[in-house]
Amino acid sequence: MSLTTASTLARVEREGPIRLTALAVAEGVAQPSMTQLVQRLERDGLVARMSDPEDRRVALVTITETGRGVLAERGQARHARLAGLLAALPTEEREALGSAMRTALPIVRRLIHAAGQPSATDDGTGS
């Protein structure tokens, strides 16, 4: 599974039913490309389309249980790989890495949170 495919599937899982156009914008791809990707995901049984209850002309993309299972398997494989890599490190290096992560993680979380907030100088006009 490509990184774009995995990212798209994960976004659909995180954000719930989402419009194809919003999904394309969020993933930074052209709408025709996203349409093709969603068709492949749909054909593979990983996502489904449903009618938007607010506008029946619009289709929303939603993840299926099969899609959730694929993401869970990928996550478990990624965690197992990382655990194996960390286990190969000498104890001193593992401890240093753990200390660095305990320091860095709260800072990174603050940066991510701040990036989602409008700045004090943002007048809402986008200029």
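Q: Do α1 and α3 stand roughly parallel or roughly perpendicular to each other?
A: This is a predicted model, in which local features need pLDDT of at least 70, side-chain atom pairs count only at pLDDT 80 or more, and totals for chains, interfaces and linings use all residues. The axes of α1 and α3 (lines fitted to C-alpha atoms, for helices over the stretch in contact, with angles from 0 to 180 degrees between N-to-C directions) come within 11 Å and cross at roughly 75°. Angles under 35 degrees count as roughly parallel, over 145 as roughly antiparallel, 65 to 115 as roughly perpendicular and the rest as oblique. The two helices, α1 and α3, are therefore roughly perpendicular.

Q: Which residues of α3 make the contact with α1?
A: Residues are numbered from 1 along each chain as its sequence is written, and side-chain values use heavy atoms, leaving out hydrogens and water. Contact here means heavy atoms within 4.5 Å. The α1 side consists of Thr4, Thr5 and Thr8. On the α3 side you will find Met34, Leu37 and Leu41.

Q: How many charged residues are in the contact of α1 with α3?
A: Ala, Val, Leu, Ile, Met, Phe, Trp, Tyr, Cys and Pro count as nonpolar, Asp, Glu, Lys and Arg as charged, and the others, Gly among them, as polar. The contact of α1 with α3 divides into 3 nonpolar and 3 polar residues. The number of charged residues in it is none.

Q: What distance does α1 reach from its first C-alpha to its last?
A: Helices (H or I, at least four residues) and strands (E, at least two) are DSSP runs, numbered from the N terminus. The expected span is 1.5 Å times one less than the number of residues. With its 13 residues, α1 is close to the expected 18 Å. Its reach is 18 Å.

Q: What covers the buried residues of α1?
A: Buried means under 20% relative accessible area, exposed over 50%, and partly exposed in between (1.4 Å probe, protein chains only). In α1, Thr5, Ala6, Thr8, Leu9, Arg11 and Val12 are buried. Their cover includes β1 (18-19), α2, α3, β2 (47-52), β3 and α4.

Q: At roughly what angle do the axes of α2 and α3 cross?
A: Helix α2 spans residues 20-27 and helix α3 residues 31-43, and their axes come within 9 Å. These two helices are roughly perpendicular, which follows from a crossing angle of roughly 110°.

Q: Which residues of α3 make the contact with α2?
A: By class, the contact of α2 with α3 has 5 nonpolar, 3 polar and 1 charged residues. From α2 come Leu20, Thr21, Leu23, Ala24 and Glu27. From α3 come Gln31, Met34, Thr35 and Val38.

Q: Is Leu23 buried or exposed?
A: Leu23 sits in helix α2. Not counting residues up to four places away in sequence, Leu23 touches Thr8, Arg11, Val12, Ile18, Met34 and Val38. Val38 is 15 residues from Leu23 in sequence and 9.7 Å away in space, C-alpha to C-alpha. Because its relative accessibility is 0%, Leu23 counts as buried.

Q: Which strands stand at the edges, each with a single partner strand?
A: Two strands pair if DSSP finds at least two bridges between them. The open sheet of 3 strands has the order β1-β3-β2, with antiparallel pairing. One side of each edge strand is left without a neighbour in the sheet, so the strands to look for are β1 and β2.

Q: What angle does the direction of α1 make with that of β3?
A: Helix α1 packs on the sheet and touches β1, β2 and β3. Its direction relative to β3 is about 110°.

Q: How many bridges join β2 to β3?
A: These strands form a hairpin with 2 residues between them. Ser51 stands opposite Ala59 in β3, and Arg49 has Val61 as its bridge partner there. The two strands run antiparallel, and the bridges joining β2 to β3 number 6.

Q: Against which elements do the buried residues of α4 pack?
A: Helix α4 (residues 65-87) has 23 residues and reaches 33 Å, close to the 33 Å expected at 1.5 Å a residue. Gly67, Leu71 and Gly75 are buried in α4. The buried residues of this helix pack against α1 (3-15) and β3 (55-63).
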